[in-house]
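I opened my notebook today to look over a chain from end to end. Here is what I looked up, step by step.

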Amino acid sequence: MSAPTRRLTTAQALVRFLSVQYTERDGVRRRLIAGTWGIFGHGNVAGVGQALVEYADVMPYHQGRNEQSMVHAAVGYARQLNRLSAQAVTTSIGPGATNLVTGAALATINRLPVLLLPGDYFASHAPDPLLQQLEHPVEADVSVNDTLRPVSRYFDRITRPEALIPSALQAMRVLADPAETGAVTLALPQDVQAEAYDWPEEFFAERVWYVRRPAPDPVELNAAVEAIRSARRPLIVAGGGVHHSEAEQALKAFVEATGIPVASTQAGKGSLRHDHPADLGGIGHTGTAVSDDLARTADLVIGVGTRYTDFTTASGTLFRNPDVRFLNLNITAFDAHKLAARTLVCDARSGLEKVAERLAGYRVPEAYEAEYRAGKERWDEVVEAAYRAGDDSAVPTQTQVLGALDAAVGDDDVVINAAGSLPGDLHKLWRSRSPRQYHLEYGYSCMGYEIPAAIGVQQAAPGTPVWALVGDGTYLMMPTEIVTAVQEGLPVNMVLIQNHGYASIGGLSEETGGERFGTAYRFRAADGTFTGAPLPVDLAANAASLGMDVLRAKTVGELREALAAARASDRPTCVYVETDPAPTAPPAEAWWDVPVAETASREAAVEARERYDRQVADRRRHL
């Protein structure tokens, strides 16, 4: 007797399969693929598009305006839900597919799950070449979708209907695996999408993917405990893995038992509340003075869920104690072995709990605890000074904008940013009150991420106030998903800061001998430089034309009122503010390596190279 089958197209079978996939961790079950974003064209309109109509009752559809933005929205959604639920993105062939590459890179670099379903050329090669086809002279099986291979954690091209079965299962396995997750791509030739096949009914049965919490190996655990017990000046570097594992309470208990202080990466900020005595704020190039001072003298650095980017290590110049050693607790061996560390390859929460059990009775010296608490108090004064606005009628600085927002938000509001000068200011100054409040995409630092990510977060957390912090440079890159927020009825808030150019890169250009060339939005002067008047561009009017309610704030007082009104609104709302360009953020507390021209005739570059040579001499390889 033959097993029962169901005759569907490949696209219909895929959508039906995705609708019954679940994750489960700690007894909580979620849809693995909770919805599908899509922009339709030839290559997906008659296949996946028809399937989404066929199964609209079980697979929610969201209409995007830009393919890259759809991936950003899906990534924001997955991050908000600690990687336990994700979304799919479908596109046409050609430019629709290649527009996915930036979003895929962002997802994979940040270890966040998203399922990409780009259309592809005919598997049969019946029409050849077809519209938008890349013709490779010696590899006929290459398509533009191959650009997604290096930025995907799993990739397959489904050239026969039956090939979908093993590939779809592998795709779900990778998406749900905390050690492997990232962008997953299933390229779908448009003729195969529409082809019918007799699918086994078992393919459409509910399937649960259990998200593991692997415990530490006993040998590694013993070595980790011994390393901590022998340390006099240990420092925890909390990364995004703390949040993904929902290990915040385990970290808090560990810190309160041992007195070990915590500095955080961009992804890890908020692992402890800002007012916890052991929370020292950000670390590295954009870190706080207290974090970076302790990092320079630490004898043991305990990395929890971090991958140690150059911003965290100050390009290898931060950890200066000649006897410093590293202990890395990470769910991936790849990251755990960085900096020649002792390794603890396990889930962050289970690892912290096991280490805490074995460390009973250990606590850092009282003098060390007093030292970092005093440093934290000094830094809190720096934050207060940056946030303080003495005159409500004054034009606000960027740090005063953050101070006004800090006063307006509640503990559970989510603040989103990714690029420009804001990440540095936020990492130094923002006072995180809950684990999910600080949402900085700084693995890829992708301009244009903020608005679509805010939409994804709002979908994942209905009723939560969500704030996209956007500079004028980022806004001009990708504002179109404002229309999506309006269409979906999502009351996201955008704080649009106008400073007439690329403030962050302008400062970096000046520091490295580039003289701020090409970093301002101004008219070209007669001598060819861009030093004329600001361009007559009204970004607030543009946001309003896309359907947002817009509140213009010219002063500190008006800004406070506008932020309160935006938070109370049930519609997508933009608070537009033009800031005083005078720098008010604390300077960098640690170096970042951006190579400077080794030879040049201009004085600015020559001086910059001299500074560079002095700083690079402090780099150290930890072996």
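**Entry 1: burial.** Before counting, I noted that a residue is called buried when its relative accessible area is under 20%. With that cut-off, 57% of the 623 residues of the chain count as buried. I also reminded myself that this is a predicted model.

**Entry 2: overall shape.** I looked up the secondary structure next and found 24 helices and 23 strands. The radius of gyration is 25 Å, close to the 25 Å that the globule rule gives for 623 residues, so the chain is as compact as a globular protein of that length. I then boxed the C-alpha atoms along the principal axes, and they fill roughly 75 × 70 × 55 Å.

**Entry 3: contacts and surface.** I took the contacts between residues at least 6 apart in sequence, and 76% of them join residues at least 24 apart. The chain exposes about 24,700 Å², and carbon and sulfur atoms supply 52% of that area.

**Entry 4: charges.** I counted 58 positive and 76 negative side chains in the chain. The centres of these two sets lie 4 Å apart.

**Entry 5: strand 4.** Why is strand 4 (residues 33-38) largely enclosed by the rest of the structure? I checked its six residues: five are buried, so the strand is largely enclosed. Then I looked for its partners. Strand 4 runs parallel to strand 6 (residues 86-91), and four bridges join them. Here I found Ile33 opposite Ala86 of strand 6. Strand 4 also runs parallel to strand 5 (residues 61-63), with three bridges joining the two. On that side, Trp37 has His62 in strand 5 as its bridge partner.

Technical notes
Residues numbered from 1 in each chain as written. Predicted model: local features only at pLDDT ≥ 70, side-chain atom pairs only at ≥ 80, totals over all residues. Heavy atoms only, no water. Rg over C-alpha atoms; globule rule 2.2 N^0.38 Å. Buried < 20%, exposed > 50% of the residue type's maximum accessible area, 1.4 Å probe, protein only. Contact = heavy atoms within 4.5 Å. Areas by Shrake-Rupley, 256 points an atom, 1.4 Å probe, with all protein chains shown as cover. Lys, Arg positive; Asp, Glu negative; His and termini not counted. Charge placed at Lys NZ, Arg CZ, Asp CG, Glu CD. Pairing = 2+ DSSP bridges.
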